[in-house]
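Hello,

Here is the structure I said I would pass on. My notes on it follow below.

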Amino acid sequence: MSDQFSTAAPAERLDRDAPAPLHAQVSEQIRARIVSGEWPPHYRLRSEPELAVDLGISRGTLRRALATLIRDGLLVQVRGRGTYVTSTAIEPSIAQKLTTLSEDFARQGVTVSTQVRSHQVMAAPSPVAALLDLRPGQSVLRLERLRATADGPVAWLVNYVRLDLAPGIEDADLADQSLFGLLENEYRLKISTGRRTFTATAAAGEVAGALGVPDGFPLLYLEQITYLDDGRPIEYSDVWIHSERMRVTSLLSRR
């Protein structure tokens with residue numbers, strides 16, 4: 001296995017006249033190497049000066065490309081040791097950015113399938129109605145979906161969406177598109193902020209069956225409320241994550 005970026009070929013593929021900036025082109029080239037397995041988990045990249053020279057770009061451009069992949073969980077930098085490809089466990093950005101799992105999977109180049117297991121209009125349960133600022137008994141869309149990769153089920157999602165803000169969304173096909181993308185692109189709603197709470201939990205009942213794990217299996221549970229730019233809540237969700245197939249990484253700064 002080569003320990004370098006391949007001196008000439010990537011630089012030749014950079015199109016300096018393309019609309020996409022150079023740093024975006026470089027990050028996509030590196031992403032392709034990681035996703036294809038050419039650069040496996042724990043692979044250490046060459047030093048920044050060497051990579052920049054090989055690519056014929058500035059170190060600043062290279063750092064922007066690497067920063068994108070670090071943000072997306074494909075690379076990690078270890079002080080004094082270098083930059084490494086992360087492990088094969090999926091590391092989404094959901095701990096630091098308001099993205100959906102499907103958006104994170106797509107950004108990391110992971111092929112994912114979504115099954116809509118249940119899709120119904122119902123009166124919002126009292127706790128959900130309170131969180132979404134709805135009147136008692138007001139209707140919501142309740143979705144049950146299962147996301148899976150080639151390795152098997154990864155996450156079981158239950159979403160409640162306000163119908164008064166997205167009328168007709170109950171007729172949409174949410175097996176092939178992101179819920180957030182639909183709300184933003186079709187309904188022109190501006191999703192702005194969200195609150196996510198992560199806890200450990202044990203698999204049981206329907207959730208265990210959907211994820212294909214035994215009762216008592218350790219899962220990561222995520223509770224989320226999503227808000228529009230005017231402060232109105234638009235969606236509440238419960239998400240159970242297979243702890244051996246996906247992990248959540250936070251990128252933190254002290255200052």
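A hairpin of 2 residues connects strand E4 to strand E5. Before going on, some ground rules: this is a predicted model, in which local features need pLDDT of at least 70 and side-chain atom pairs count only at pLDDT 80 or more, while totals for chains, interfaces and linings use all residues. Residues are numbered from 1 along each chain as its sequence is written, and side-chain values use heavy atoms, with hydrogens and water left out. Helices (H or I, at least four residues) and strands (E, at least two) are DSSP runs, numbered from the N terminus.

Strands

E4 (residues 139–149) and E5 (residues 152–162) pair in the antiparallel sense over 10 bridges; two strands count as paired if DSSP finds at least two bridges between them. Within this pair, Arg 142 has Tyr 160 of E5 as its bridge partner. E4 also pairs with strand E3 (residues 113–123), again antiparallel and over 10 bridges, and there Met 122 is opposite Val 140 of E4. Of the 11 residues in E4, 10 are buried (under 20% relative accessible area with a 1.4 Å probe, protein chains only; exposed is over 50%, partly exposed in between).

Leu 132

Leu 132 sits in the loop between helix H6 (126–131) and E4. Its relative accessible area is 0%, so Leu 132 is buried. Beyond its neighbours within four places in sequence, Leu 132 is in contact (heavy atoms within 4.5 Å) with residues including Val 140, Tyr 160 and Pro 233.

Helices

In helix H3 (residues 48–55) the buried residues are Glu 48, Leu 51, Ala 52, Asp 54 and Leu 55. Seen down the axis of H3 they fall within an arc of 160°, so they line one face of the helix; the arc is that of the directions from the helix axis to the C-beta atoms. After H3 comes Gly 56, with a positive phi near 70°.

H3 packs against helix H4 (residues 59–71) at an angle of about 105°, the axes being 9 Å apart. Axes are lines fitted to C-alpha atoms, for helices over the stretch in contact, and angles run from 0 to 180 degrees between N-to-C directions. H3 is therefore roughly perpendicular to H4 (65 to 115 degrees). Residues making the contact include Leu 51 and Leu 55 of H3 and Leu 62 and Leu 66 of H4.

Regards

Note on methods:
Angles under 35 degrees count as roughly parallel, over 145 as roughly antiparallel, 65 to 115 as roughly perpendicular and the rest as oblique.
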